[in-house]
Amino acid sequence: MHKILAVIKVLFKTTIRKYPGFFILKIIRMAVSIVMPFIAVFISPMIVDEIVGARDIKKLIVLAAVLIGSEAVCQIINDMCNNFINRYSNRIDKYFSILIGRHVMELDFQLTEDKEALEQIEKARTGMEWYSGGVHGISDQFFYFFGNLFKAIGFITVIALKAPVLLLVMVIYTFLNALFVLKINN
């Protein structure tokens, strides 16, 4: 585990130093992905209230336009971030390939025929390109985790403020489900 963390630290430090915009775009994409589901959560009830209540057509049109427009803007920002992140990812992968190539060229002559040294180089290439997905693949896992954590906290907060009984039912259901799964596994 220590080696993995050391490798991730080197990958991220090198990427931040060489391409700082990569992580800024990842943060923007994470923020947009957090905001997107809450747009419908807050605007849809206002639309329903308006349909059930006063039925003011102008207000309904404005609310629908705000809902559609804000979701469209968020999706456009998300798509643009994905596009630029993929471009950065390609550059980063090429940069690390160059670094690995430089390291290979600087090896002592006797190591160029050492099977173990050559396997280490191939493991590095395979790990960067295939297993981990490189910096992009590793960082995606971190950003998805934190994005989902923020979404869960947000949804729990909204449910606790707007429908506390529903939260109680969800907690009881989760507890009972965990008990059933535990008994089935035993």
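Q: In which element is the place of V35?
A: This is a predicted model, in which local features need pLDDT of at least 70 and side-chain atom pairs count only at pLDDT 80 or more, while totals for chains, interfaces and linings use all residues. Residues are numbered from 1 along each chain as its sequence is written, and side-chain values use heavy atoms, with hydrogens and water left out. Helices (H or I, at least four residues) and strands (E, at least two) are DSSP runs, numbered from the N terminus. On that basis, the place of V35 is in helix 2.

Q: Is V35 buried, partly exposed or exposed?
A: Buried means under 20% relative accessible area and exposed means over 50%, with partly exposed in between (1.4 Å probe, protein chains only). The relative accessible area of V35 is 42%, so V35 is partly exposed.

Q: How many Å separate the C-alpha atoms of V35 and E71?
A: V35 and E71 are 36 residues apart along the chain. Their C-alpha atoms are separated by 9.3 Å.

Q: How many helices does the chain have?
A: From the N terminus on, the elements run α-α-α-α-α-α. The chain has 0 strands, and its number of helices is 6.

Q: How many nonpolar residues does the contact of helix 2 with helix 5 have?
A: Ala, Val, Leu, Ile, Met, Phe, Trp, Tyr, Cys and Pro count as nonpolar, Asp, Glu, Lys and Arg as charged, and the others, Gly among them, as polar. By class, the contact of helix 2 with helix 5 has 5 polar and 4 charged residues, and its number of nonpolar residues is 16.

Q: Is the ring pair of F23 and F143 stacked, tilted or edge-to-face?
A: A search of the whole structure finds 11 aromatic pairs, where rings of Phe, Tyr and Trp (its six-membered ring) pair if their centres lie within 6.5 Å. Planes under 30 degrees apart count as stacked, over 60 as edge-to-face and the rest as tilted. F23 in helix 2 and F143 in helix 5 are 120 residues apart. Their ring centres are 6.5 Å apart and their planes lie at 35°, so the pair is tilted.

Q: What is the angle between the planes of F38 and F155?
A: F38 in helix 2 and F155 in helix 5 are 117 residues apart, so that the pair links distant parts of the chain, and F38 is buried, with a relative accessible area of 13%. F155 is partly exposed, at 29%. The rings form a stacked aromatic pair, 4.6 Å centre to centre, and the angle between their planes is 25°.

Q: Which residue lies over the face of Y88?
A: A charge sits over a ring if NZ of Lys or CZ of Arg is within 6 Å of the ring centre and within 35 degrees of the ring normal. Y88 belongs to a cluster linked by ring pairs, whose members include F12, Y19 and F22. At 5.6 Å from the ring centre of Y88 lies R91.
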